[in-house]
Every structure is written in structure tokens, then in C-alpha cells.
Amino acid sequence: MIALLCFVLNVLVSPFKSTSRLEAENAALRHQVVMLRRIVRRRVRLTNSDRIFFIQLYRWFPSVLKVIAVIRPETLVRWHRAGFRRYWRWKSRSFGGRPRVDAELRALIRRMSVENPLWGAPRIHGELLMLGFEVAQSSVAKYMVERHGPPSQSWRTFLRNHAPDIAAMDLFIVPTNMPSSLFG
């Protein structure tokens, strides 16, 4: 964090430095990095404050990816994206609301909807209330098994089942000789 503060102070002071002095300072710093890379052949261990420093530097100056030599640019972008994901995960966390429905109760709702295909959410909700479960009807509807066919029998099945009991009747019109004054 101190490094970030020093960086911010240097950035604020840099407009007052001459460009040749800034270029010389950059050249010296780059040469030091090259020397350190020759000495240290293994991976550099960075602290969280180092990562925050580089991420903030990248946010302010995206062109810094071209000159960073200690870490790969892909790594810096990956850290930035991971921080962005963490921020939005934190921002969209749950603040309460309805309590979650237990897995046991969800299984019971699914079982009731499978074993009683003609029952809808209101009926299952009523049965659960009689059993002592406090759950909303909308939650019951959400956890019911979805059916892909119609909830009742088709017309073909109805006619096949009730064909002997159906009375057929032909409705037709019989013209009569009634005076038209009755309808007029």
C-alpha cells in the first residue's frame, strides 16, 4: 500500500520534471529490472499490495502493459478481471429475502407432483399446509415436476372411454309455415 502511495506522489510530481530526466529515470529502472532478472531465475513472489499496485497502475494507464517486465501482461489482465468478478460477486450477494426451501421439502414436492399428476400447485400447497409445512404456493410451483403433455386425457381417449354412453343426436332445421308477422 505504501508503494501505491509513493507511486501516486511520483505521478503528481512527474509533470514538473523534465522529459529527459524522466527518460533517464525510466532507463535506469529498466536496466535494474534486467539485472535482477539475470540474478533471480525463479518466479518472483508478489504480495497482495504489489498486485493491487499493478492493477491500479493498469486501470489508470492501460498502456503500461507494454513496459512491465516483472510480470506477464496476461497475468495482470487476469488479476484485474478476477478483482472485477470478486467485486460484482460481493455487490450482488444476497441480503436476505425468503428463506431457502429445504432439500427434503423440495423432494416431497417433486414426489407429490409425480404421484398425483392431476394436482396443481394450489392443491399440493394446501396438502403441505395441512402437513405443517410453511411454504409459499409460488415456491411449490417452482419445485414441481414439469409435465410435457396435457394434464388430462385427450379427446380421442375420452371418446374411446365413453363411446358406449354417448347418445348421438342430429340437429337439423325444419321449416314450418309460420306467419312472418311473429318474427317481425
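Modeller: Let's start with a definition: helices (H or I, at least four residues) and strands (E, at least two) are DSSP runs, numbered from the N terminus. This is a predicted model, where local features need pLDDT of at least 70 and side-chain atom pairs count only at pLDDT 80 or more, while totals for chains, interfaces and linings use all residues. Residues are numbered from 1 along each chain as its sequence is written, and side-chain values use heavy atoms, with hydrogens and water left out.

Colleague: Thanks! How many helices and strands are there in the chain?

Modeller: The chain has 8 helices and 0 strands, and its pattern along the sequence reads α-α-α-α-α-α-α-α.

Colleague: What radius of gyration does the chain have?

Modeller: That value is taken over C-alpha atoms, and the globule rule is 2.2 Å times the number of residues to the power 0.38. For a compact globule of 184 residues this would be near 16 Å, but the chain has 38 Å. Along the principal axes, its C-alpha atoms fill a box of roughly 120 × 55 × 30 Å.

Colleague: And what percentage of the residues in the chain is buried?

Modeller: Buried means under 20% relative accessible area, exposed over 50%, and partly exposed in between (1.4 Å probe, protein chains only). Here, buried residues make up 17% of the 184.

Colleague: Which residues touch the most other members in the largest nonpolar core?

Modeller: First the general idea: in soluble globular proteins, nonpolar side chains tend to be buried together. A nonpolar core is a set of buried Ala, Val, Leu, Ile, Met, Phe, Trp, Tyr and Cys residues joined through side-chain atoms within 4.5 Å. In this model the largest one has 14 residues, and Phe53, Phe54, Ile68, Ile71, Leu76 and Trp79 touch the most other members. Two or more residues each come from α1 (2-13), α3 (48-60) and α4 (73-91), with α3 giving the most, 5 residues. A second, separate core of 11 residues includes Val101, Ile109, Met112 and Val140.

Colleague: I noticed Ser113 in helix α5 (residues 103-115). Is Ser113 buried or exposed?

Modeller: Ser113 counts as buried because its relative accessibility is 2%. Contact means heavy atoms within 4.5 Å, and, leaving aside neighbours within four places in sequence, Ser113 is in contact with Ile124, Met144, Val145 and Arg147.

Colleague: Which backbone nitrogen lies 3.2 Å from a polar atom of the Ser113 side chain?

Modeller: The backbone nitrogen of Val145 does.

Technical notes
A polar contact is a pair of N or O atoms within 3.5 Å; within protein, one must be able to donate a hydrogen and the other to accept it, and residues adjacent in sequence count only if both atoms are side-chain atoms.
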